[in-house]
Amino acid sequence: MATMRSSCLIIISLLVLGSLSAFAVTFTRKPMDVNDHRVVQIAILAITEYNHNYNANLKLVKIASCVTEARRGGDLHELVLLASKGTTRETNKYQARLTVWLTMDKVE
């Protein structure tokens, strides 16, 4: 009996926004509601992973936007986040990109 198993390969990168033109993509982009629970979870995951990987202390302030692209084998989610550094009140814009890859494996 074969079952479908989804596995996620998460690729996250947070970059201080400077030149979004470098991320121009030719795939069809669909905006998502920033209050959607999936978008909120992606934003929290992005901040958590960034803090873990870079020994930082970013705090999510607001999700400015989210667009999704359907790609072969998975979906790309690109968010623009407003986050503050630790106890400072200074807020910066960051970009988070997450790709979810779906795979099917035969289970015997």
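Visitor: How much accessible surface does the protein chain have, and what share of that belongs to carbon and sulfur atoms?

Guide: Accessible areas come from the Shrake-Rupley method with a 1.4 Å probe, and for residues only the protein chains shown count as cover. Here the protein chain's accessible surface comes to about 7500 Å², and 55% of that belongs to carbon and sulfur atoms. Keep in mind that this is a predicted model, where local features need pLDDT of at least 70, side-chain atom pairs count only at pLDDT 80 or more, and totals for chains, interfaces and linings use all residues. Residues are numbered from 1 along each chain as its sequence is written, and side-chain values use heavy atoms, with hydrogens and water left out.

Visitor: Which helices and strands does the protein chain have?

Guide: Helices (H or I, at least four residues) and strands (E, at least two) are DSSP runs, numbered from the N terminus. This protein chain has one helix and five strands, and from the N terminus on the order is β-β-α-β-β-β.

Visitor: What share of the residues counts as buried?

Guide: Buried means under 20% relative accessible area, exposed means over 50%, and partly exposed lies in between (1.4 Å probe, protein chains only). Of the 108 residues in the protein chain, 31% are buried by that rule.

Visitor: Is Glu69 buried or exposed?

Guide: Glu69 is buried, at a relative accessible area of 1%, whereas Arg29 is partly exposed at 32%.

Visitor: Which other residue forms a salt bridge with Arg29?

Guide: Glu78 does, with the closest N and O atoms 3.3 Å apart. Glu78 belongs to strand β4 (residues 74-85), 49 residues from Arg29. With 9% relative accessibility, Glu78 counts as buried.

Visitor: Where does Asp36 come in?

Guide: Asp36 meets Arg38 in a salt bridge of 2.9 Å, N to O. Asp36 is buried at 17%, while Arg38 is partly exposed at 47%. Salt bridges with shared partners also join Arg29, Glu69, Glu78 and Arg97 into one network.

Technical notes: A salt bridge is a side-chain nitrogen of Lys or Arg within 4 Å of a carboxyl oxygen of Asp or Glu.
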